[in-house]
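Me: Could you show me how to read a protein model, one feature at a time?

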Amino acid sequence: MLRSPLQSYKTISLETAPPGQLVLMLFDGAIKFLERAKFGFGIEDPVEMNETVHNNITRAQDIINELNSTLNMDQGGEVAVVLRDLYVYLDKRLFESNIRKESQGVQEVIDRLSTVQEGWSKMLEQEAAVAC
């Protein structure tokens, strides 16, 4: 099967990105899926609304659970503990939002993930500046 140039680029980017950049890409993906879920709340057809919200929240939860499962608790110290607690909370919040079909929890998770993503991005920038 032939891949589009965009699919090929994405595959190569994932395979060659350093670990810190991969984490940033995971944050981007989770936020993207949550934005789609938020959009889903405005769909008038109840079946389409439920599918859109559910599928995108579930995808975001998968990413959050992946972030959680890859934490290095031995070397991460207090930061890893705080992130683990945060990821567990975010997963629970999304579960509740999905069951109740309420957008406030989705927005809360977007806000919290965006804050962590911003901090992660700044950390990577500082590491790159130090390496030069």
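The dialogue below takes the features in turn.

Me: In which helix is confidence lowest, and in which is it highest?

Reply: pLDDT is the predictor's confidence in each residue, from 0 to 100. The chain has a mean of 89, with 87% of its residues at 70 or more. Confidence is lowest in helix α1 (residues 5-16), with a mean of 49, and highest in helix α3 (residues 46-69), at 97. Where pLDDT is low, the predicted coordinates should not be read in detail.

Me: How many helices and strands are there in the protein chain?

Reply: Helices (H or I, at least four residues) and strands (E, at least two) are DSSP runs, numbered from the N terminus. Here the protein chain has five helices and zero strands.

Me: Which residues have the most contacts inside the largest nonpolar core?

Reply: A nonpolar core is a set of buried Ala, Val, Leu, Ile, Met, Phe, Trp, Tyr and Cys residues joined through side-chain atoms within 4.5 Å. Buried means under 20% relative accessible area, exposed over 50%, and partly exposed in between (1.4 Å probe, protein chains only). The largest core has 26 residues, and L34, Y87, L94 and L113 have the most contacts inside it. Helices α2, α3, α4 (73-100) and α5 each give two or more residues to this core. Contact means heavy atoms within 4.5 Å; among the residues that L34 touches are A60, L94 and L113.

Me: Why is the pair of F27 and W120 called edge-to-face?

Reply: Rings of Phe, Tyr and Trp (its six-membered ring) pair if their centres lie within 6.5 Å; planes under 30 degrees apart count as stacked, over 60 as edge-to-face and the rest as tilted. That rule gives one aromatic pair. The ring centres of F27 and W120 are 6.4 Å apart and their planes are at 75°, so the pair is edge-to-face. It links distant parts of the chain, with F27 in helix α2 (residues 19-40) and W120 in helix α5 (residues 103-131), 93 residues apart.

Me: Is F27 buried or exposed?

Reply: F27 is buried, at 1% relative accessible area, whereas W120 is partly exposed at 23%. Q117, in helix α5, touches F27 along with L24, D28 and I31, leaving aside residues up to four places away in sequence.

Note on methods:
Residues numbered from 1 in each chain as written. Predicted model: local features only at pLDDT ≥ 70, side-chain atom pairs only at ≥ 80, totals over all residues. Heavy atoms only, no water.
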